[in-house]
Amino acid sequence: MPYRNNKFWPLQPGDTIVVSVLTFTGLLLVSGLLNKMTGWPAGGLTTTILVGISIISIMPFLLAIIDIVIERGGSVGFKDFKLDFSVLVKTSAPEFTVPANIGVQGVPVYESNTREILDALKKAKKSNIVVIDIEDGTAWWETRLLVLLAGATRLGTPGNIVFVGKTVKGEQQFIGWAEPGALLGKLLEVRPVYKQAFYTAVAAAKQWATVEPAVPPAMAAEPFPFGNAAIGKNYIAFDPLTGLPNEFTQEEFFQNELGMKVEAMEQNKTTLHVTRGKLHDIFDGELIEDRLDQAGAKEEMARIFFETDFPWVALTEHGKYLRMVSRLSVINEIIKTEIKGGNSRQAMQKPA
């Protein structure tokens with residue numbers, strides 16, 4: 001059986017048994033000690049506590065079984081237990097679609113409205129999934145995408161970037177998704193100036209991080225000779241109203257560097273366009289294209305769902321992107337549904 005990363009349970013069968021036995025014994029001892037020292041739970045170990053300990057102890061077995069099903073490429077099914085994809089709607093994460101170029105389309109970053117760019121980044125920060133619509137390939141520039149990916153990577157959120165775009169027929173289609181950190185690393189390699197601008201922005205932000213807030217911000221003093229990118233930039237480092245540090249100082253320095261050294265110098269702006277082909281070329285090996293298409297056969301959806309190694313999977317309909325869903329959340333919903341269904345069936349079978 002081939003080894004997979006991203007397993008629900010990483011240990012071998014023998015280790016799983018040991019873990020389960022130790023977990024059961026350990027929890028039993030802890031409960032006994034709590035009862036002896038505090039009197040909880042009253043009346044000794046109650047049935048509820050024992051049931052809870054038992055369920056926790058067998059969880060490694062359940063996770064190991066799920067891994068076996070996934071690796072064999074099968075589907076989950078036993079009597080009435082079936083993979084119901086209607087639970088996908090319940091498990092979708094909050095999403096945010098970023099406006100084209102996070103600013104004014106067709107205008108260099110350093111000339112764009114800074115507030116619009118920061119507002120877009122703040123909204124993206126509140127969502128685990130960010131959708132980028134490249135439309136027909138002219139809506140986004142590499143530089144704008146770099147700013148977004150840099151901010152997402154530094155903040156650790158959003159955790160996933162989804163790309164969609166139009167076909168030659170004008171239909172919006174799912175292209176792929178990936179974590180921002182992996183995409184940032186690839187995009188920085190496209191041009192030497194990208195990496196230079198990025199590290200210049202990092203250095204400038206760190207220099208201003210040593211300066212205490214001041215009101216008004218113009219009074220903030222530079223404690224040592226700053227570099228060319230950072231000197232005199234207190235209006236970037238601090239909020240002009242409160243005098244507190246700007247949450248996106250590093251991204252603002254990055255956008256300034258890209259605006260002056262790339263966008264303003266690029267005669268033919270079409271070279272900066274983010275097209276479908278460019279996404280596949282630049283992010284080769286990082287862009288995840290697996291998807292569950294609601295218009296396809298349910299058996300095929302089940303196969304893809306259990307074969308993928310990733311914690312998230314894209315849901316589409318005739319190729320059009322609908323939402324991202326968490327595989328673990330789907331499995332949790334399935335188990336909860338089956339438990340409720342099993343209790344209902346038992347209640348119906350009881351004699352009156």
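Contact here means heavy atoms within 4.5 Å, and helices (H or I, at least four residues) and strands (E, at least two) are DSSP runs numbered from the N terminus. The views show a predicted model, in which local features need pLDDT of at least 70 and side-chain atom pairs count only at pLDDT 80 or more, whereas totals for chains, interfaces and linings use all residues. Residues are numbered from 1 along each chain as its sequence is written, and side-chain values use heavy atoms, with hydrogens and water left out.

**View 1. Helix α6 and its surroundings.** Helix α6 spans residues 192-208. Its buried residues (under 20% relative accessible area, 1.4 Å probe, protein chains only) include Y194, F198, V202 and W208. The cover over the buried residues of α6 includes α4 (142-155), α5 (180-188), α7 (234-237) and α8 (249-263).

**View 2. The contact of α5 with α6.** L184, L187 and L188 of α5 meet Y194, K195 and F198 of α6. By class, this contact has 5 nonpolar, no polar and 1 charged residues, where Ala, Val, Leu, Ile, Met, Phe, Trp, Tyr, Cys and Pro count as nonpolar, Asp, Glu, Lys and Arg as charged, and the others, Gly among them, as polar.

**View 3. The open sheet β7-β8-β9.** Three strands form this open sheet with mixed pairing, two strands being paired if DSSP finds at least two bridges between them. The edge strands, β7 (291-293) and β9 (320-326), each pair on one side only. Strand β8 (residues 312-317) runs parallel to β7 and is joined to β7 by 3 bridges, and D293 stands opposite T316 in β8.

Key. Expected span 1.5 Å × (residues − 1). Buried < 20%, exposed > 50% of the residue type's maximum accessible area, 1.4 Å probe, protein only.
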